[in-house]
Amino acid sequence: MAIFSDINIVFLREVGDISRFTVRFFKELFKPRQEVEEFLRQCYWVGYKSLPLVSITAFIMGLVLTIQSRPTLVEFGAQSLLPAMVSVSLVREISPVITALICAGKIGSGMGAELGSMRVTEQIDAMDVSGTNPFRYLVVTRVLATSFMIPVLSNLSNAVSLYGGYLGVNIRGQVSWHLYWIQVFNALSFGDVVPSIVKTFFFGFAIGIIGCYKGYNSRKGTEGVGRSANSAVVVASLLVFIIDLVAVQITDLLGLT
């Protein structure tokens with residue numbers, strides 16, 4: 001019982017620290033003189049540098065999902081529904097979640113390691129002493145970059161994965177380019193697209209805030225940097241699934257599913 005009590009205390013303390021960190025982010029966000037140049041630089045690193053990995057994963061994901069789904073639909077004589085089924089599955093759930101998980105692994109760990117290294121080498125303290133606001137320069141810009149760029153990456157992932165689905169449909173069958181996209185867009189509705197886009201903003205915010213929190217509060221030298229990067233990936237990935245679960249429940253209550 002004592003072990004479970006200690007775990008609960010550590011968990012609640014961590015939740016409280018992350019909550020205070022998030023509140024501080026919003027306080028710094030609405031102060032004047034934001035670091036626009038650093039924000040744009042982070043958008044480049046978060047968005048453009050992640051594009052090849054996200055695109056390759058999305059293409060393979062759409063191709064494999066189409067190939068694996070085809071035999072079941074053929075068995076029931078419903079292979080004509082393959083483009084519609086693949087498009088709804090990819091846009092509503094698979095592409096946003098997989099993109100967020102890839103970014104949690106790549107971006108979250110990178111932020112945790114980068115800020116952790118700056119903390120243990122006292123670079124953050126030096127910025128504070130020199131009159132620069134390290135929280136605004138390091139944290140606010142990175143969280144904003146992930147919040148804005150992950151939705152962009154998710155939409156690009158949708159497009160690439162649907163193209164992979166088109167190739168997958170034509171491996172065993174023959175569907176024209178025009179007919180495929182007509183079936184895709186006819187199958188998608190407001191309740192599929194808009195909630196999918198909205199929740200990616202929360203995915204990006206969670207990944208950014210957790211990665212920055214873990215790195216900004218890193219301790220115990222180089223060992224702490226490794227732990228910060230590792231825990232940033234674990235916690236951010238878990239939050240992605242939790243946010244997705246909440247989003248599904250909300251869209252179901254609103255009748256958008």
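Q: Before we start, what is a nonpolar core?
A: A nonpolar core is a set of buried Ala, Val, Leu, Ile, Met, Phe, Trp, Tyr and Cys residues joined through side-chain atoms within 4.5 Å. Keep in mind that the model here is a predicted one.

Q: Got it! How many residues does the largest nonpolar core have, then?
A: The largest core has 36 residues. Those with the most contacts inside this core are Phe21, Phe135, Val139, Ile207 and Cys212.

Q: And which elements give two or more residues to this core?
A: They are α1, α2 (36-48), α4, α5 (123-129), α6 (134-172), α8 and α9 (221-253). The largest share, nine residues, comes from α6.

Q: Why would nonpolar side chains be together like that?
A: In soluble globular proteins, nonpolar side chains tend to be buried together.

Q: You named Phe135. What is phenylalanine 135 in contact with?
A: Leaving out neighbours within four places in sequence, phenylalanine 135 contacts Phe21, Arg24, Phe25, Glu28, Val140 and Tyr216.

Q: What other core lies apart from the largest one?
A: Another core, of 17 residues, lies apart from it, and its members include Ala58, Leu90, Tyr166 and Leu188.

Q: Okay, new topic: salt bridges. How many does the structure hold?
A: The structure holds 11 salt bridges. One of them pairs arginine 20 with aspartate 17, and their closest N and O atoms are 2.2 Å apart.

Q: How are arginine 20 and aspartate 17 placed in helix α1?
A: Arginine 20 and aspartate 17 both sit in helix α1 (residues 2-29), and because they are three residues apart, about one helical turn separates them. As a general point, an α-helix has 3.6 residues a turn, so residues three or four places apart point the same way.

Q: Is arginine 20 buried or exposed?
A: Arginine 20 is exposed, at 56% relative accessible area.

Q: Which residue does lysine 31 form a salt bridge with?
A: Lysine 31 pairs with glutamate 28, with 3.7 Å between the closest N and O atoms. Lysine 31 is partly exposed, with a relative accessible area of 39%, whereas glutamate 28 is buried at 7%.

Q: And where do glutamate 93 and lysine 199 lie?
A: Those two side chains meet in a salt bridge of 2.9 Å, N to O. Glutamate 93 is in helix α4 (residues 82-120) and lysine 199 is in helix α8 (residues 190-216), so the pair ties together parts that are 106 residues apart in sequence. Glutamate 93 is partly exposed at 23% relative accessibility, while lysine 199 is buried at 5%.

Q: Which residues do salt bridges with shared partners join into one network?
A: Glu38, Arg41, Glu114 and Arg142 are joined that way.

Q: Quick one: is serine 154 buried or exposed?
A: Serine 154 is buried, with a relative accessible area of 1%. This serine 154 is found in helix α6. Not counting residues up to four places away in sequence, serine 154 touches Pro96, Thr99 and Thr200.

Q: Last thing: how many residues does α9 have?
A: Helix α9 has 33 residues and reaches 47 Å from its first C-alpha to its last, close to the 48 Å expected at 1.5 Å a residue. Just after α9, glycine 255 takes a positive phi of about 75°.

Conventions:
Residues are numbered from 1 along each chain as its sequence is written. This is a predicted model: local features need pLDDT of at least 70, side-chain atom pairs count only at pLDDT 80 or more; totals for chains, interfaces and linings use all residues. Side-chain values use heavy atoms; hydrogens and water are left out. A salt bridge is a side-chain nitrogen of Lys or Arg within 4 Å of a carboxyl oxygen of Asp or Glu. Helices (H or I, at least four residues) and strands (E, at least two) are DSSP runs, numbered from the N terminus. Buried means under 20% relative accessible area, exposed over 50%, partly exposed in between (1.4 Å probe, protein chains only). Contact means heavy atoms within 4.5 Å. The expected span of a helix is 1.5 Å times one less than its number of residues.
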